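Please have the sequence and model at hand.

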Amino acid sequence: MNYSELLRRRRTIRFYRQMPVAEAHLLKMIEAACHAPSAANNQVLRYTVVRNPDLVQAVFYHTKYAGRVTPKRSPEWAVNAPTAFIAISAVKNTPVINPMVYADAGAAIMSMAFQAVEEKLGTCWIGAFNSKEVTQILQIDKTEELIYLLAVGHPAENPVEDIISKDESVAYYVDTYNTLHVPKYSVEAVTRIL
């Protein structure tokens, strides 16, 4: 699969088949993250792979999904929930995390998401979760701060990308056939050439 195809096949997945994700696939995803750019090459991101079903369930109950189409795309435990998570944390070198860490995390998470597509997996980048509770559940070291979760699993849905102009709504929606539509601006809508 070439990069353009990989790019277009990557969609956020919120519904999953109830099959375990192989540890090898999750480690390949983290390997992809390790190749992502890092501000000043500081490489302060750390990853916790969550595969144990009890821990996955505990984390799952502290996450939120798809605010614009809740409850139509809110997964249910043991029905269509993710079967693994990758927790992304940052080493705390100072009392306040350097804002560049979030750029690093974005690059790392996108690298993992692309690798997931290669492994025929789906992902959902989650920022809406109870960080305090999940930090305790996963026993994240006190020298690190949990910043994001990446839900991982075998896709049970096929969201559709709709290319839109700058005057159209970016609100994603579920149609009458229960298909999730994700509007994305065209190149022309977001680009200036000087």
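**Salt bridges and a buried asparagine**

Glu161 counts as partly exposed, at 34% relative accessibility (buried means under 20% relative accessible area, exposed over 50%, partly exposed in between; 1.4 Å probe, protein chains only). The model is predicted: local features need pLDDT of at least 70, side-chain atom pairs count only at pLDDT 80 or more, and totals for chains, interfaces and linings use all residues. Residues are numbered from 1 along each chain as its sequence is written, and side-chain values use heavy atoms, with hydrogens and water left out.

Glu161 forms a salt bridge with Arg11, with 3.1 Å between the closest N and O atoms; the term requires a side-chain nitrogen of Lys or Arg within 4 Å of a carboxyl oxygen of Asp or Glu. Arg11 lies in the loop between helix H1 (3-9) and strand S1 (16-17) and Glu161 in strand S6 (residues 160-164), so the pair ties together parts 150 residues apart in sequence. Helices (H or I, at least four residues) and strands (E, at least two) are DSSP runs, numbered from the N terminus. Arg11 is buried, at 10%.

The whole structure holds four salt bridges. Another of them joins Lys28 and Glu119, whose closest N and O atoms are 3.8 Å apart. Lys28 belongs to helix H2 and Glu119 to the loop between helix H4 (100-118) and strand S4 (122-126), so this pair links parts 91 residues apart in sequence. Lys28 is partly exposed at 41%, whereas Glu119 is buried at 11%.

Asn80 is in the loop between helix H3 (53-60) and strand S3 (84-91). Asn80 is buried, with a relative accessible area of 11%.
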